[in-house]
Amino acid sequence: MTAFKSLSSAMVKGFLRDKMTLFFVFLFPLMFLVVFGLLFSDAGSDKTKIAAVGEGPVLSALEQTGALELEKYGDEATARQKVNDGDLPAAVVVNGDRVDVTFAASDQVAAGTVLGIVSGVVDKINLGEAQVTPRFTLEAKPVEDASLKPIQYLTPGILSWAISISGVFGAALTMVSWRKKQVLRRIRLAPVSATTVLSSRVLVSVGTAVAQGVVFVAVAMLPMFGLKLTGQWYLALPLLVLGTTAFFAIGMLVGAFCKTEEAASGAANIIILPMAFLSGTFFPVENAPGWLQVVSNVFPLRHMNDGMLDVLVRGKGVEALLLPSAVLIGFTLVVGFLAARLFRWED
Amino acid sequence: MTGARIPAVVVADIRKNYGELKAVDGVSFTVAEGEFFGILGPNGAGKTTTLEIVEGLRKADAGHVTLLGEEPWPRNPKLLPKIGVQLQASSFFEKLTAREQLQTFGSLYGVSRQTADDMLELVGLTDKADVQENKLSGGQRQRLSIACALVHDPDIVFLDEPTAALDPQARRNLWDVLRAIQARGKTIVYTTHYLDEAEILCDRVAIMDRGRILAMDAPATLVRGLNAPTHVVLQKGVLTREAARDITGVEDAQEDEVSLTISTRKPAPVLSALADRGTLDGLQVRTATLEDVFLDLTGREYRA
């Protein structure tokens, strides 16, 4: 058995036998995926609920628009009271041919929506009664827009985040604990090159990342979450590998500075948590202020997220990999170089 | 190899300073192949730094080291397979069993997996082969650590305080292991702060204090060189102090509540004289030890 193979297998065994690591690499991010996935599962705009009094074609037509939900009341006073109390944004009272709309002045957007729909319906019925041929015709059809359902958005983000955790923590903790326990010294005293040791450790991290990808995507694709992969989802694979090496390099840098496992975990958390939030792991970074979006570009996780979103759920092709890959490779080289310069065999 | 054999270890006047502290201050020694060489001294004497320089883990500020004719510094991949270094009892891979540890370290040297089992047998851990390292006792971990240093069948073995922090039983078990290693023809260089242990195990010892070697020879030679008197201890009452002082060869006799202690540099005739009188009750003979040598060399009690 070669040194490379046996080192890799030793590390895989150590990884699989350590329940704590398994938890943080798989279950912990998965918990976020499940919680957020369930929380946001019936998001999308709700129908606007309004009070309605009376009956007739106007009310039936309003119900068919699909944008309003009518709450029927027996008398006008109760319906108006609902609006006054702020429970409902508007009340529609139909009394024979007369349609009265009362709306809460506080919510201009809801009022505008309700007024627009009601007047549209009333006008249409009037037109039908008048038997006039309309001059303009309106043609409306739906398109798939670029905004994503929450699970579509969450899965790539949380996967990238999980890979950053396993990459940074894996590298930093291995290095610190091996140095502290003198395993590095033992390796240094053996006729084996540093490249062999390093590459076997990176290989284990890459394997972990691929396993994370498979598990998270499989869970997200369960009917209760409903993730749908698009097009060339397998393009995520190069991103997984490049992301892992970039985060591994960060971990090596952390490991070069820290003397104890506790210090290394603390430092890794300080790096990963802000990076995760600013890189759009849990919510789209587009909602953040402009300057923050600019700042977020310094994080490799941001670019990995973007790439993952593009190839996993936005159906983009290989061209979407170019920028993220370039950034991740650059990051790996620069940070890796720094880490190599700062590397210490022992304290 | 023909002609004169190259010594296993040659250390020539090595020095290492840490700031003001002269950790190693001009140490020289030579160890022959197959020899069991002990470096002993109290904590902070410079034993570990000396060993690390010899192993090639640290660069000496001055001086020269060769192992089997090769220089250990800078890292010398040609030499590495020939030396085995035992490290702290905790330097293992996480969560691996005793056998897996040995297989993994062995693979770094291209050693077959079978060797792991041979090593476990050598250090008496065959029945612990499938136990994870963190579940072994201190003594077992220490033995596993030594097995890891031996897994690639090195010619020279370096052990840094292998018996420290072990209970007496575990220490004695380990002595057997060390003797078995020497019986395989290995050269052993080891540090300890147990003087009694060095006396039992080592062919030669170097006594170190404050970065220097104070004396170096076979333990028995060092002790004999002291020319310290032997103490013969008898039960109180079997002989009077005056009668004891009259025996030829006795230099002094002291009495306390329980015993009579006779000092002599000629223990053989004194003992036979005592035997003739039938006064050997409660006999104990105490010869000088390395501890006395240390006291003699440094003028202070040995502080382990």
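In which sense do strand β1 (residues 9–18) of chain B and β2(B) pair, and over how many bridges? The two strands pair in the antiparallel sense over 8 bridges, where pairing requires that DSSP finds at least two bridges between two strands. The structure is a predicted model, in which local features need pLDDT of at least 70, side-chain atom pairs count only at pLDDT 80 or more, and totals for chains, interfaces and linings use all residues. Residues are numbered from 1 along each chain as its sequence is written, while chains are lettered from A and ligands numbered from 1 in the order in which they are written.

**Confidence**

- The predictor gives the complex an ipTM of 0.81 and a pTM of 0.79.
- Chain B has a mean pLDDT of 88, and 96% of its residues reach 70 or more; pLDDT is the predictor's confidence in each residue, from 0 to 100.

**Strands of chain B**

- Strands (E, at least two residues) and helices (H or I, at least four) are DSSP runs, numbered from the N terminus.
- In chain B, an open sheet of 3 strands has the order β2-β1-β4, with antiparallel pairing.
- Its edge strands are β2 (21–31) and β4 of chain B, each of which pairs on one side only.
- Opposite Tyr18(B) stands Leu21(B), a residue of β2(B).

**Strands of chain A**

- Strand β1 (residues 48–53) of chain A pairs with strand β3 (residues 90–95) of chain A in the parallel sense over 3 bridges, and Val53(A) has Val93(A) in β3(A) as its bridge partner.
- With strand β4 (residues 98–103) of chain A, β3(A) pairs in the antiparallel sense over 6 bridges; here Val101(A) in β4(A) is the bridge partner of Val92(A).
- The hairpin of β3(A) and β4(A) has 2 residues between the strands, and Gly96(A) takes a positive phi near 65° in this hairpin.

**Nonpolar cores**

- A nonpolar core is a set of buried Ala, Val, Leu, Ile, Met, Phe, Trp, Tyr and Cys residues joined through C-beta atoms within 7 Å.
- A residue is buried if 20 or more other C-beta atoms lie within 10 Å of its own, exposed if 12 or fewer, and partly exposed in between, with C-beta atoms placed from the backbone.
- The largest core holds 143 residues, of which Val168(A), Ala172(A) and Ala147(B) touch the most other members.
- Helix α6 (residues 150–180) of chain A gives the largest share of this core, 17 residues.
- Apart from this core lies another, of 16 residues, including Ala79(A), Leu88(A), Val92(A) and Val114(A).

**Contact between the chains**

- Chain B contributes 22 residues to the contact and chain A contributes 21 residues; two residues are in contact if their C-beta atoms, placed from the backbone, lie within 7 Å.
- On the side of chain B that touches chain A, the largest share, 5 residues, comes from helix α2 (residues 98–107) of chain B.

- Most residues other than glycine have a negative phi, and most peptide bonds are trans.
- Trp73(B) and Pro74(B) are joined by a cis peptide bond with omega about -5°; Pro74(B) lies in the loop between β4 (62–67) and β5 (83–86) of chain B.
- Arg210(B), in the loop between β8 (204–209) and β9 (212–217) of chain B, has a positive phi near 50° and is partly exposed, with 16 other C-beta atoms within 10 Å.
- Asn227(B), in the loop between α7 (219–226) and β10 (230–235) of chain B, has a positive phi of about 55° and is exposed, with 9 other C-beta atoms within 10 Å.
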